[in-house]
Structure formats: C-alpha cells, structure tokens
Amino acid sequence: MEFEKLQDIIADVLNVQKEEIKPETTFVDDLGADSLDIFQIIMGIEEEFDIEIDNDEAEKIVTVQDAVDQIKKAVE
Amino acid sequence: MSEITRVALDAMGGDNAPVEIVKGAVEAVQKRKDIQILLTGQEGVIRNELAKYTYPEDQIRIVNATEIIETAEPPVKAIRGKKDSSIVVAMKLVKNGEADAFVSAGSTGAVLVGGQVLVGRIKGVERPPLAPLFPTLTGVSLLIDCGANVDARPSHLVQFAKMGSIYMESVMGKKNPTVGIVNIGAEEEKGNALVKETFPLLKACKDINFVGSVEAREIPYGKVDVIVCEAFVGNVILKLYEGVGGALIKKVKEGMMSSLRSKIGALLVKPALKATLKDFDASEYGGAPLLGLKGLVVKTHGSSTSTEVCNSIIQCVTFKEQKINEKIKAAIQETQEENKESE
C-alpha cells in the first residue's frame with residue numbers, strides 16, 4: 001500500500017508515468033530528480049502518511065524502496 | 001466591484017520587518033478595496049504595528065506564526081524545520097486555497113524552495129524562474145531568471161521565454177513582447193554551450209517574438225522586453241545594475257556638492273532629476289514573481305520599504321485578474337503536445 005501511494009506522489013512531483021516507478025528505481029539516475037524534487041517528495045510523504053522523516057535519514061534515500069522502508073519505519 | 005484578491009504577506013521577513021511590511025499592507029488596503037491581506041507572523045508584534053494606523057480593519061487579518069526564518073539559514077533545512085514560521089504558514093495558505101498569492105521580503109532561498117515544494121509547480125513546468133522587472137530607458141524589461149536555477153538546461157530557458165512573454169503581455173500590457181537571450185555577441189554562433197543550444201530552440205518557437213541575442217550593455221536601453229538567461233547570469237546582471245546605478249548617483253551627488261556654483265546648479269536641476277530617477281526606482285514596480293507555480297509567489301527586495309511592499313501586493317491583483325497561471329498552463333501544455341508530435 002505504501003508503494004502505491006508513493007508511486008502517486010513521485011509521478012505527480014516528477015511528471016513521470018507510474019509504470020516507470022519500481023522499487024529498485026533510483027530518484028536521481030533513473031528519474032532525473034534533483035535535490036529539490038526529492039525534498040518535495042519527502043514533504044509529500046510526510047503529509048500523506050502523517051509522519052516525520054529525520055533529515056539524516058532522508059539524505060540516505062536513493063531508491064524508491066529506501067523511501068518505502070523509511071515510511072514503514074516511521075509508521076511503526 | 002471586482003473579485004477580492006487574498007494576499008498572504010510575510011510580516012517578519014526583510015531588513016525592515018515588521019515596520020515597513022505592516023505599513024505597506026496598510027497602504028495597500030487604503031488604496032484598494034479589492035484586496036484582503038493575511039499578515040503572517042508573531043501576532044503581538046503585528047498587532048502593535050497595526051495599532052499605529054487607521055485603515056479598513058476588515059481587509060487585514062493576522063495569522064499567527066511563532067517562528068522566523070533568518071536569511072542566513074539553509075533554505076531546505078529552514079522550510080523543513082520551521083513549520084510554524086511566517087513563510088511556511090503563508091505558503092500553506094496559498095497551497096490550501098485560502099490565499100491567492102504570497103508576498104515576502106524575507107530569505108530568497110526559503111521563498112524559492114518553499115514556492116516549489118509547498119505551493120508546487122504547474123504540471124509540465126520544469127523549473128520556476130524568478131523574474132524581476134527592470135527599469136530601462138524605454139520603460140521596463142523582465143529579467144528571467146535571476147535566482148532560482150543556477151544549472152539551467154535549454155528546455156528550461158525556452159519555458160522561461162514563454163512564461164516571461166505571457167507575464168509582460170498580460171501584466172505589463174506589452175503587446176507581442178520582444179524576447180532576447182543574453183549573449184556575448186549578436187551572432188547566433190556566439191556564446192557558451194547553453195546559449196548555443198537554446199538559440200535555435202527559441203528561434204523555432206512560434207508563440208514568442210524572439211529577436212536574437214542581447215548583450216548586457218543593451219539591456220539598460222530597453223532593447224528587448226523579455227531578457228532570458230540562466231539564474232547565475234541573471235543575478236550578476238541584476239546586482240551589477242544596482243551597483244552601477246547606486247555608484248553613479250553617488251558620484252553625481254558628490255560632484256554637485258563640490259562647490260558653491262555646482263550647489264546652486266544642483267538646486268535648480270533637483271526637481272527634474274528627481275522625476276527622472278523615479279522612473280529608474282525599482283520599488284515602483286513591485287517584486288519579482290516566481291513564475292510557473294500553482295499559486296502566485298512574489299519576492300520583494302530584502303530592503304523593501306512600504307512602497308515596494310504595497311506595489312507588490314497590488315501587482316498580485318493584476319496577476320489574478322489576468323489569469324496568468326491558466327495562460328502559463330495552456331502554453332506549457334501546448335509545447336508538450338508539439339514535442340510529442342515532433343517525436
């Protein structure tokens with residue numbers, strides 16, 4: 001469920017098709033995101049899931065799966 | 001009466017906050033009945049400032065925000081960390097549709113980051129540029145971009161040209177505005193890689209009036225209406241313009257005060273000089289909009305006085321009335337469809 005919601009957020013911010021977004025997809029290399037895009041995605045995640053992701057943890061996010069893991073960790 | 005424009009105003013941002021900001025808000029509502037201002041910031045401080053004036057009280061409302069983002073703070077960290085700051089609270093009002101526009105004289109970085117992240121880009125807009133109006137010999141020109149994207153790509157500059165043209169035509173009333181790309185010579189083959197790649201793309205655009213290269217020295221003469229460049233170049237032009245202008249005026253004043261004879265001359269020429277220089281006063285033209293966002297975000301000079309704040313607020317009314325965002329959305333969509341067809 002987290003993954004599907006995340007797909008929506010990423011597709012909206014980066015203007016890409018949902019099908020392009022897979023767990024192993026990287027934000028910078030595969031999707032062409034810059035630091036502001038990633039920041040916007042993280043803000044979107046925080047709002048959607050009503051969680052807070054720590055700055056240090058946010059910097060470690062490279063792939064979509066990394067973001068899913070962060071969401072799961074924060075929700076728990 | 002026309003529709004009300006709701007402007008969220010950062011009361012705590014800028015060198016002269018909150019005094020000049022609150023004063024600017026009061027001046028704006030005294031001039032216009034079609035404006036509602038939401039002053040964001042520390043309630044007690046704003047209330048004390050407002051108490052100095054008589055104004056239509058139903059047109060100004062305070063939205064409490066306890067934190068302040070300082071200019072020196074890293075923007076991303078500030079926007080993430082200070083959720084109850086005057087900037088974040090105001091931008092959320094725009095995001096949630098409670099305000100049509102946001103005006104701030106505070107941290108440029110925080111306004112740029114917050115604009116993109118909190119207010120959000122119009123779908124298809126790759127990078128939102130910061131576009132100040134520039135006084136010239138023939139009127140005003142729009143310098144786009146001067147602060148938001150230091151590593152721009154050709155496709156970004158093409159979008160800047162389109163958004164800038166829409167702004168000049170709709171807000172400034174300039175019919176079929178001319179567009180030029182900042183270059184180091186007039187010829188198409190001149191310039192760095194970015195300019196060389198962008199030039200033919202702009203030339204191929206049917207919906208803008210591209211006239212070729214513009215050299216920096218031609219800008220003050222008003223050679224083109226929309227001056228397209230990447231932010232690094234734009235920022236250098238803007239700051240140099242301000243610096244040269246300031247230094248020149250200082251030198252002229254010194255010369256005028258150097259002898260009794262020149263002092264008498266200065267006294268005679270003063271009214272004419274004052275009127276002329278008013279045309280070159282950037283505060284008369286309001287702030288710089290961050291174009292391509294879902295709402296309007298206007299950044300005014302950090303040292304803004306009430307005049308500039310007031311003009312920036314009034315500028316938002318025209319922006320809303322002219323439905324600039326809808327026009328930008330349509331132009332970007334059209335480009336995307338053209339690109340798809342040519343693929």
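Mentor: In this predicted model, residues 24 or more positions apart account for 53% of those contacts in chain A that have a separation of 6 or more. Chain A contains four helices and zero strands, and reading along the sequence gives α-α-α-α. Its radius of gyration is 11 Å, close to the 11 Å from the globule rule for 76 residues, so chain A is as compact as a globular protein of that length. The C-alpha trace spans about 30 × 25 × 20 Å along the principal axes. Of the 76 residues, 29% count as buried.

Two loop residues of chain A have backbone angles worth checking. Most residues other than glycine have a negative phi. A:Asn15, in the loop between helix H1 (2-14) and H2 of chain A, has a phi near 60 degrees, which is positive although the residue is not glycine. A:Asn15 has 15 C-beta neighbours inside 10 Å, so it counts as partly exposed. A:Asp50 sits in the loop between H2 and helix H3 (55-59) of chain A and has a positive phi of about 55 degrees, again without being a glycine. With 9 C-beta neighbours inside 10 Å, A:Asp50 counts as exposed.

H2(A) and H5(B) pack with their axes 9 Å apart, at an angle of about 50 degrees. The two helices are therefore oblique to each other, and H2(A) passes H5(B) in a right-handed crossing.

Nine of the ten residues of H4(B) are buried, so H4(B) is largely enclosed by the rest of the structure. The buried residues are B:Ser86, B:Ile87, B:Val88, B:Val89, B:Ala90, B:Met91, B:Lys92, B:Leu93 and B:Val94. Just after H4(B), B:Gly97 adopts a positive phi of about 80 degrees.

In chain B, six strands form an open sheet with mixed pairing, in the order S3-S2-S1-S4-S11-S10. Strand S3 (60-64) and strand S10 (288-290) of chain B are at the edges with a single partner strand each, so one side of each has no neighbour in the sheet. On average, neighbouring strands of this sheet are turned by 25 degrees against each other, direction ignored. At the S10 end, three bridges join S10(B) to strand S11 (residues 296-299) of chain B, and the two run antiparallel. B:Ala288 stands opposite B:Lys299 in S11(B). Helix H2 (residues 43-50) of chain B packs on the sheet, where it touches strand S2 (35-41) and S3 of chain B, and its direction makes about 160 degrees with that of S3(B). Helix H4 (residues 86-95) of chain B packs on the sheet too, touching strand S1 (5-10), S2, S3 and strand S4 (101-104) of chain B, with its direction at about 165 degrees to that of S1(B).

Chain B also has another open sheet, of five strands in the order S5-S6-S9-S7-S8, with mixed pairing. Strand S5 (133-136) and strand S8 (209-215) of chain B are its edges, each with a single partner strand, so one side of each lacks a neighbour in the sheet. Here neighbouring strands are turned by 30 degrees against each other on average, direction ignored. S5(B) pairs with strand S6 (residues 139-144) of chain B in the antiparallel sense over four bridges, and B:Val140 in S6(B) is the bridge partner of B:Pro135.

Most peptide bonds are trans. The bond from B:Ala17 to B:Pro18 is cis, with omega near -5 degrees, and B:Pro18 lies in the loop between S1 and helix H1 (19-31) of chain B. The bond from B:Ile144 to B:Asp145 is also cis, with omega near 25 degrees; B:Asp145 is in the loop between S6 and helix H6 (154-170) of chain B.

Conventions: Residues are numbered from 1 along each chain as its sequence is written. Chains are lettered from A and ligands numbered from 1 in the order in which they are written. This is a predicted model: local features need pLDDT of at least 70, side-chain atom pairs count only at pLDDT 80 or more; totals for chains, interfaces and linings use all residues. The radius of gyration is taken over C-alpha atoms; the globule rule is 2.2 Å times the number of residues to the power 0.38. A residue is buried if 20 or more other C-beta atoms lie within 10 Å of its own, exposed if 12 or fewer, and partly exposed in between; C-beta atoms are placed from the backbone. Two residues are in contact if their C-beta atoms, placed from the backbone, lie within 7 Å. Two strands pair if DSSP finds at least two bridges between them. Axes are lines fitted to C-alpha atoms, for helices over the stretch in contact, and angles run from 0 to 180 degrees between N-to-C directions. Angles under 35 degrees count as roughly parallel, over 145 as roughly antiparallel, 65 to 115 as roughly perpendicular and the rest as oblique. A crossing is left-handed if the near helix is turned anticlockwise from the far one by less than a right angle, and right-handed if clockwise.
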